[in-house]
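Sequence and model first, then my notes.

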Amino acid sequence: MLAALGTGAYAVDARGCIVAVNAAAERMLGRSAEELVGEDAHDLLHRNARGEAVPRAQCRMRPAFLAGRPAQAGLEWFERGDGSLLPVSWSLTPCDIGDGDTLVLVLFHTRGDPEGLAEQPEPSGGLLQELERLALLAEMTTQLTSTLSVDEALQRLVSLVLPRLADWAVIDLITERDEVWRTKVVHVENEVLVPHRDLEGPMAPVPAESPMPLSRALRGVASTIAEPQTYERSPDTGIAVEQRRLFRSTGMHSAAIAPIRGLREVLGALTLGRSERPEKFTAADLTLLEDITRRAGLALDNARLYQRQRKVAETMQRYLLPQLPRVAELEMTARYLPAPDASHVGGDWYDAFTLADGATALAIGDVSGHDLDAAAGMAQLRNVLRAYAWSQQEPPSRIVERVDRSVLRITDVPMATLVLATLAPGGGEHWELRWTNAGHPPPLLVTHEGLVRYLTGGNGMLLGTGTNPARSDGADVLPPGSTLVLYTDGLIESPSHSIDEGLEQLRRHAAALAHRPVEDFTDELLSRVRPADNDDDVALLVLRVGTPPQPG
């Protein structure tokens with residue numbers, strides 16, 4: 001049919017994608033059929049006089065396309081394959097091709113041709129003027145893209161469209177298991193948004209063939225205006241049953257329904273309904289609604305991706321952080337807090353395990369970064385350290401020398417800091433501590449009497465420099481009731497103060513908490529010392545030895 005036409009012609013489906021094109025259109029547009037078919041006609045072709053993409057809200061073809069009625073206009077521009085502009089006049093008309101499917105046929109001529117069509121401006125329609133629409137879309141973009149929470153994004157979406165556009169807002173989402181869930185049904189009552197939980201909940205699966213408006217939207221086929229009569233006939237699917245219930249319960253006399261599309265899939269549908277205000281939705285309103293759902297789809301896509309990454313990260317973190325061993329006369333506890341803006345895992349880590357000779361190994365470290373790559377590197381480093389510490393009966397300094405030589409060859413760790421210590425019973429109730437420090441903040445020792453000092457011996461370079469320096473050990477005796485604190489720099493560093501100030505804060509608060517039980521000591525220390533503007537993750541390993549001396 002298209003080949004028989006003497007002018008440029010193409011046909012689009014209900015989504016606006018080109019499904020067929022004739023040779024005249026290929027020649028006029030400077031594009032082959034392979035370049036045209038399957039593309040969104042509006043995004044590919046429509047331009048203004050300056051060659052800029054035309055917003056869908058300003059497209060004069062869009063209202064007629066959505067309403068399924070003929071239209072024509074002049075003074076338009078299409079972009080050719082070489083980027084040049086083709087001035088055109090166009091006309092469009094719906095074509096029924098059977099089985100309930102409709103294509104839209106678009107004919108276009110170079111402007112000035114004898115066949116050129118006179119411009120017939122489209123009525124604007126809709127509730128909002130152009131500046132109001134642009135302001136709403138700008139606010140929509142700002143509000144929806146500034147959160148990575150799905151629930152918060154949905155709440156903001158509802159607050160933006162109600163009561164500005166409708167009396168009711170209904171959001172149906174498709175879950176990752178391809179199940180439909182009616183997530184929100186919200187009504188404006190005395191200018192207050194009131195959720196209707198009784199109308200929310202699970203829905204029937206998305207039907208493959210149903211021509212009903214919500215079913216088509218959930219398949220990503222098209223946006224539609226619906227009325228109560230749409231769903232009064234015998235329902236063809238479970239979704240149609242719920243839609244009939246929705247219209248009856250809400251009293252909506254007009255509804256606009258549009259798909260919410262992500263980058264790769266349909267995420268759901270947004271329905272705006274009017275029950276109190278008398279105006280029915282128009283094709284112009286559908287154009288605005290599509291712009292809204294396009295922004296909502298991008299925001300929800302990002303939020304879902306973040307939540308998936310967060311779930312993976314949290315699962316990974318549970319497996320990466322070890323269970324602390326039970327050792328007689330020792331109390332141990334640990335905490336891990338992720339960086340506020342990261343993926344809830346990072347390069348900070350702790351470890352404690354029993355060695356072959358009965359001593360207890362303690363470790364705290366920091367692999368650069370706070371993301372999944374850093375967490376994976378941390379796991380590699382910890383496993384290498386454990387293997388050497390268990391198999392080699394050597395002081396901490398020798399173990400860390402071996403780890404340092406290995407880190408660049410058998411791990412993906414670019415650079416890291418580390419404290420490795422061993423703790424064993426000494427004479428009487430005292431415990432002997434030996435440690436080596438590879439570029440890490442020094443351990444802190446707090447006696448039962450509140451005397452506090454940093455263990456500054458055994459210092460050496462951080463891991464991963466490739467220089468393989470010789471390392472030394474520090475040694476000290478831990479009296480009964482004393483508390484050893486191993487921590488990462490996220491506990492003391494902040495953009496607002498120096499590291500020396502952070503170390504002094506830690507010293508003072510640790511002294512004040514010396515008599516607290518270990519669990520309370522650790523939680524309070526984190527709460528008091530961690531800077532409010534901290535942007536790093538924190539690992540904390542706290543150990544208390546023996547029993548404190550009893551008062552005479």
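My cut-off for a disulfide is a pair of cysteine sulfur atoms within 2.5 Å. By that rule I count 0 disulfides. Cys17 is buried at 15% relative accessibility, and Cys59 is buried too, at 8% relative accessible area. Buried here means under 20% relative accessible area, exposed over 50%, and partly exposed in between, with a 1.4 Å probe and protein chains only.

**Ground rules**

This is a predicted model, so I note that local features need pLDDT of at least 70, side-chain atom pairs count only at pLDDT 80 or more, and totals for chains, interfaces and linings use all residues. Residues are numbered from 1 along each chain as its sequence is written, and side-chain values use heavy atoms, with hydrogens and water left out.

**Cores**

Next I checked nonpolar cores (buried Ala, Val, Leu, Ile, Met, Phe, Trp, Tyr and Cys residues joined through side-chain atoms within 4.5 Å). The largest has 61 residues, and those touching the most other members include Phe108 and Val161. Helix H9 (residues 283-320) gives this core its largest share, 9 residues. Helices are DSSP runs of H or I, at least four residues, and strands are runs of E, at least two, numbered from the N terminus. Another core, of 24 residues, lies apart and has Met332 and Leu362 among its members.

**Strands**

I then followed strand E6 (residues 102-110), which runs antiparallel to E1 (residues 8-12) with 5 bridges joining them. Phe108 turns up here as the bridge partner of Gly8.

Conventions
Pairing = 2+ DSSP bridges.
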